[in-house]
Amino acid sequence: MTEFREKAVLMDEDGIRRALMRIAHEIVEKNHGTEHLVLVGIRKRGVPIAARLGAEIAQIEGRELPRGVLDITLYRDDLNELAYQPIVHTTEIPLDITDKTVILVDDVLYTGRTVRAAMNALLDLGRPRTIQLAVLIDRGHRELPIRADYVGKNVPTASAEDVSVQLRDTDTEEKVIIRERV
């Protein structure tokens, strides 16, 4: 098992809050409001980030956006290479996404493979008008031609480094750290 040690804190709690507030404003501005928008968080940390974005957008626009949860386990391109038995969770999308603008939300954009799997999963559920991507951190190193529409922070990283988003919803602390392999 690879071990990592903390190298630097990229964002603290206030930095995360400010980044999500900015992304929420950008989403509303780019889409000229919130009509036909749906927020879909990729399990695991994309879900609480989508909830926070939804709360920010509700403060801006005065209305709640429909939100969903997407599990991409069965869409992973490395499923047969995993050494462990993956746990499949439920996908919970509360409405038909056909002709909607889906804002796909994740914590870190790295190779693009997670987003590709998420788009495949979404397309099995309907035919959105468009899919936009919102991420808290874009760390580079793309293997697929995928880019985020909304980014909290761009962080150039080395391949041997790891970016860890820690949220109170899923972890004990609220911060984004860069870790290096030991």
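Predicted model: local features only at pLDDT ≥ 70, side-chain atom pairs only at ≥ 80, totals over all residues.

Biologist: With which side chain does that of Thr73 make a polar contact?

Modeller: A polar contact is a pair of N or O atoms within 3.5 Å; within protein, one must be able to donate a hydrogen and the other to accept it, and residues adjacent in sequence count only if both atoms are side-chain atoms. The partner of Thr73 is the side chain of Asp71, at 3.0 Å.

Biologist: Why do the buried residues of a helix such as α3 line one face?

Modeller: An α-helix has 3.6 residues a turn, so residues three or four places apart point the same way. In α3 the buried residues are Val115, Ala117, Ala118, Ala121 and Leu122. Viewed down the axis of α3, they fall within an arc of 160° (taken over the directions from the helix axis to the C-beta atoms), so they line one face of the helix. These buried residues pack against β2 (37-42), β3 (67-70), β4 (101-109) and β5 (130-138), contact meaning heavy atoms within 4.5 Å.

Biologist: What span does α2 reach, and which of its residues are buried?

Modeller: The expected span is 1.5 Å times one less than the number of residues. Helix α2, residues 46-61, has 16 residues and reaches 22 Å between its first and last C-alpha, close to the 22 Å expected. Its buried residues include Ile49, Leu53, Glu56 and Ile57. The buried residues of α2 pack against α1 (13-30), β2, β3, β4 and β5. Gly62, which follows α2, has a positive phi near 75°.

Biologist: Which residues have a positive phi although they are not glycine?

Modeller: Among them are His32, with phi about 55°, and His141, with phi about 70°. His32 lies in the loop between α1 and β2 and is exposed, at a relative accessible area of 76%. His141 lies in the loop between β5 and β6 (150-154) and is partly exposed, at 31%.

Biologist: Where is there a cis peptide bond?

Modeller: Such a bond joins Arg43 and Lys44, with omega about 20°. Lys44 is placed in the loop between β2 and α2.

Biologist: What lies over the face of Tyr110?

Modeller: A charge sits over a ring if NZ of Lys or CZ of Arg is within 6 Å of the ring centre and within 35 degrees of the ring normal. Here Arg139 lies over the face of Tyr110, at 3.9 Å from the ring centre.

Biologist: With which residues is Ala158 in contact, its neighbours within four places in sequence left aside?

Modeller: Ala158 is in contact with Arg139 and His141. Ala158 is found in the loop between β6 and β7 (161-166) and counts as partly exposed, at 37% relative accessibility.

Definitions and conventions: Residues numbered from 1 in each chain as written. Heavy atoms only, no water. Buried < 20%, exposed > 50% of the residue type's maximum accessible area, 1.4 Å probe, protein only. Helix = DSSP H or I, 4+ residues; strand = E, 2+ residues; numbered from the N terminus.
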